[in-house]
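This report describes selected local features of a single protein chain. The sequence and the model are shown first.

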Amino acid sequence: MESIFEGSGVALITPMNDDLTVNYEKLEELIEEQIAEGTDALIACGTTGEASTLTHEEHLKVIQRSVEIVNHRIPVVAGSGSNSTDTAVEMSIEAEKYGSDALLLVSPYYNKATQKGLIHHYTEIANAVKLPCLLYNIPSRTGLTIQPETAAYLGKNVPNIVGMKEASGNFTNILRTLEFLDGHDFDLYSGNDDQIIPLMSLGAKGVISVLACVVPRKTHELCRAMLDGDVKKAAAMQIEAAELIHQLFIEVNPIPVKTALNLMGKEVGPLRLPLCEMEPEHLESLKSAMKEYGIL
């Protein structure tokens, strides 16, 4: 099975104008910069892209424009998940029509589905499209864990469910997932920037990264070093970025990363409520980490 991508997939922010409309000109600028800096894949309308506060029309347009701008240079993974199976099916079909290369499907939030319900949910979405699909396990946001048995069942029994973005931080469950897969082709991607090396050491193909929004080249190089077997170089880069990564999550994502991009002069605009500007002490610690890393 060919992987959707290997290396650094950027979880791109969605830039806004001052009136909180989506800034599509800035979106193009950001995507061009990511490609020029070596980013291996683009993830549109994920958590970092404020998908939860985009309208249905905006969500689809951001995916469509991202596909058009990228124009087959790197894979585009569309965030088309929802807590409503019907909505996720509809969004996934549209994302496929636009030419997305793959789908990222967050586990249904708020409903707190059973594991049986998760299997039905993901199977129905995957069966509605031909694109490869990635599960997205992020219990801290959804209140729901995709259990190892469930992930392995879906990977083995639904042909186009080909992997998972793993953001639980639960390495026991990650190991159990790999155990239950029993060698079946199923790609893992780290969903946590501070755990790129640990997951890649278990065979993960890379990261879906917030860090890559601000240092795309470095994030690509870190992943490339691991893929090339240069663990010493990758470890040094992971440690070097540790404080910056910590500060990029000092408040809920994407508040700090969007703030960081504005501090870097990228002019990506404000956040939509209920997300708001950073607390002053957190802003100062973010600035300090950025200066220490050499990007401010």
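In which strand does Y136 lie? Y136 belongs to strand β5 (residues 133-137); helices (H or I, at least four residues) and strands (E, at least two) are DSSP runs numbered from the N terminus. The model is predicted, so local features need pLDDT of at least 70 and side-chain atom pairs count only at pLDDT 80 or more, while totals for chains, interfaces and linings use all residues. Residues are numbered from 1 along each chain as its sequence is written, and side-chain values use heavy atoms, with hydrogens and water left out.

**The annotated site**

An unreviewed UniProt entry lists Y136 and K165 under "active site". UniProt positions follow the numbering used here, feature names are shortened, and annotations may be inferred rather than shown by experiment.

K165 lies in strand β6 (residues 161-166). Contact means heavy atoms within 4.5 Å. Leaving aside neighbours within four places in sequence, the contacts of K165 include L104, Y136, Y189 and I208. With the corresponding exclusion of residues up to four places away, Y136 touches T47, Y122, I146 and A167, among others.

**Buried residues compared**

Buried means under 20% relative accessible area, computed with a 1.4 Å probe on protein chains only. The table gives values for five buried residues.

| Residue | Relative accessible area |
|---|---|
| Y136 | 4% |
| K165 | 6% |
| M290 | 0% |
| C45 | 4% |
| E50 | 2% |

Most residues other than glycine have a negative phi, and most peptide bonds are trans. C45, however, has a positive phi of about 65°, and the phi of E50 is near 55°.

Buried residues of α2 include H59, V62, I63 and V70, and their cover includes α1 (24-36), β2 (41-44), β3 (76-79) and α3 (85-98). N71, which follows α2, has a positive phi near 50°.

**An aromatic pair**

A search of the whole structure finds 1 aromatic pair, where ring centres of Phe, Tyr or Trp (its six-membered ring) must lie within 6.5 Å and planes under 30 degrees apart count as stacked. F5 and Y189 form this stacked pair, at 4.4 Å centre to centre and 20° between the planes. F5 lies in the segment before β1 (7-11) and Y189 in strand β7 (residues 187-190), so the pair ties together parts that are 184 residues apart in sequence. Both F5 and Y189 are buried.

M290 is found in helix α14 (residues 280-293), and its contacts include L244, A260, M264 and L296. A cis peptide bond joins N253 and P254, with omega about 10°; P254 lies in the loop between α12 (242-248) and α13 (255-263). Another cis bond joins L273 and P274, with omega about 15°, and P274 lies in the loop between α13 and α14.

Notes:
Buried < 20%, exposed > 50% of the residue type's maximum accessible area, 1.4 Å probe, protein only. Phe/Tyr/Trp six-rings, centres within 6.5 Å; stacked < 30°, edge-to-face > 60°.
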